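Here are my notes on the model, for reading beside the coordinates. Please check each point in your viewer.

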Amino acid sequence: MVKYVVKKGRVFWPSKAMKKIAWANSEKIYKEASESPAKFWAKAANELFWFKKWHKTYEQSRLRPWNFRWFVGGKTNACYNALDIHLPEKANQTALIWIPEPEKEPDQNYTYEELHELVCKAANMLKSIGVRRGDIVTIYLPMIPELIISMLACARIGAIHSVVFSAFSSQALKTRLLDNRSRFLITADGYYRRGKLIKLKEPAEQGARGTAVEKIIVVNRARRKIRLKNNEFWWHLLMEEQPLSCPAEELDSNSVMFLLYTSGTTGKPKGIIHELGGYMVHAYLTAKLVFDLHENDVMFCTADIGWITGHSYACYGPLFNGITSIIYEGSPDWPSWKRFFSILEKYNVTVFYTAPTLIRMMVANRLERLLARFKFEKLRILGSVGEPIDEETWLWFFRHVGKSRCPIVDTWWQTEGGGVLISSLPGIGPFIPGVAGRSFPGVNHLVLDEGGRPVSVGKEGYLVQASPFAPGMLSGVWRNSKLYREKYWSQYHKYYFSGDGAYMLKGKLFRITGRVDDVIKVAGHRLSTAEIENAINKHPLVVESAVVAKLDKIKGNVPVAFVVVNKKKKNIEQDIIGLVAKEIGPIAKPHIVYVVPDLPKTRSGKIMRRVLRALMLNETVGDVSTLVNPEVIGQIERIVKV
């Protein structure tokens, strides 16, 4: 079994075997990219297909730095680069593997040629109901092949896709439809989750009511026998009528490719705009270098495609690189964890990209013995995304899933970023538990204080991005240019403000400490909730934790911890307080520790800390339609009030 990483103290480095195969295996790539970022990204763009070459690689307004464009004047097509360019050599190679939750249903494999034909038919189908270039098509689908097919079909004809997470409520869908004014909606009759049929047609219909939606296409995923209205069409019946060929439109590089709304956990959801050329190049190159993608690789990104991670690394990134992508309809622990791990083994997964929350679920379920039965011989790269990963969880993932031989690329980026912005590269490293890594080549991040001055190494501050801004970065907020400027550019003007805190280590390595609104000021001291959580999670009985602020008359704020444990122990609360004092210092000690049955989480695995903050402030928790476990709110509330 090949070892791809070696340990030196508390730091891990790529092995000779990894360096030998890696696309990027020396510091040279960082040097060249920093000397001329535009030239670096142009070289990557030239590895893709363009109907017409761009006349300017990067353009930015000097007075309005938020106005920037990549590959100006170029004409291309994302669908063409995802499918058509691979047909001469990879027509019979598997592009997509779909695994339905019900075990009685067979998995479905699609070659590049088969996926190309389905996408062409779907593109013709969209045109047949009136979709034209520049129209917005809202896609409200679960993790089924038609989701990816719909996205690619939109990209093929120049329609703008706006994917809405299928677990969102009808009201959440309506909010997005009212904002994007989409006239077309694609949904399904239902899907399966944890052994249950989840109806989707009904919330889709409710969400569309009172909006601009004129026509709805329904995928008969659950084979429900329901009657459609006059403006509703069955996907499979429309598809039967369509020809197998549909030319890819020559689209301007700076045309809008898709909208993706933020989850709306605070305020009104924002429609993040991503432009075609920049996003395509960014998704392609980050997938290639961060996950070191090669011929015959199989990538399993567990993120739902309703989120940006799914867009970039379950759909576009793998297909731009001509490899195989796996999507799974169900929950990872249903009907058991064995099924989930069997996917990695059966399909010889080489790249496994997931969230710390899912890893912590594995830890909580004590899956070491089960994992020992799997070899994962082809597994080469592990990836983490979504939130800072604590050291203990990182090491568990490395030992039990990666078999102590696979590097972990701990990636940092955002919906606004389009693709990975900070991470160690597999052939260069280093891989340090809890440390995200360096800025991706061709991207430059800084850590500033409130006055906009760079902070010293090891000191926490605000993470910003300097010009030239990464190609995949958002170009605006849909129908709200004022919010775009205020949210991302008002803090420092010439720098993009990420909203995250961080500090830099030697070697330009970044440790992400979490959202700025997850930073607590205690008696004038700025404390990162992620840092406190990292300390708490070192307790052997703690599965996961979340720390929020509670108002205090003397100190302003004090940290309060909510913890999930795998075994009850007397006075564990005091043990945790003592551990934090030891790891960080007395100032960081939680004012109180609540042992709770679970933490409120979205289906994508993120802990919804705003709910916990609301409970501490005796405020209403607001919209919780995105939670996978809304019942836990009442349970926590009762514990807090005791």
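The points below cover a helix, a loop residue and some ring contacts.

1. Basis. This is a predicted model, where local features need pLDDT of at least 70, side-chain atom pairs count only at pLDDT 80 or more, and totals for chains, interfaces and linings use all residues. Residues are numbered from 1 along each chain as its sequence is written, and side-chain values use heavy atoms, with hydrogens and water left out.

2. Helix H14. Helices (H or I, at least four residues) and strands (E, at least two) are DSSP runs, numbered from the N terminus. H14 spans residues 356-364; its buried residues include Pro356, Leu358 and Met362. Buried means under 20% relative accessible area with a 1.4 Å probe, protein chains only. Their cover includes helix H13 (337-346), helix H16 (391-401) and strand E30 (542-552). Just after H14, Arg366 has a positive phi of about 50 degrees.

3. Asn321. This residue sits in the loop between helix H12 (308-320) and strand E19 (324-328). Asn321 is buried, at 14% relative accessible area. A polar atom of its side chain lies 3.1 Å from the backbone oxygen of Tyr284.

4. Aromatic pairs. The structure holds 45 of them. Ring centres must lie within 6.5 Å; planes under 30 degrees apart are stacked, over 60 edge-to-face, the rest tilted. Phe12 and Trp394 form a tilted pair, 5.2 Å centre to centre with 40 degrees between the planes. Phe12 is in strand E2 (residues 11-14) and Trp394 in helix H16, 382 residues apart. Both are buried.

Conventions: Buried < 20%, exposed > 50% of the residue type's maximum accessible area, 1.4 Å probe, protein only. Contact = heavy atoms within 4.5 Å. Polar contact = N/O pair within 3.5 Å; in protein donor to acceptor, adjacent residues only side chain to side chain. Phe/Tyr/Trp six-rings, centres within 6.5 Å; stacked < 30°, edge-to-face > 60°.
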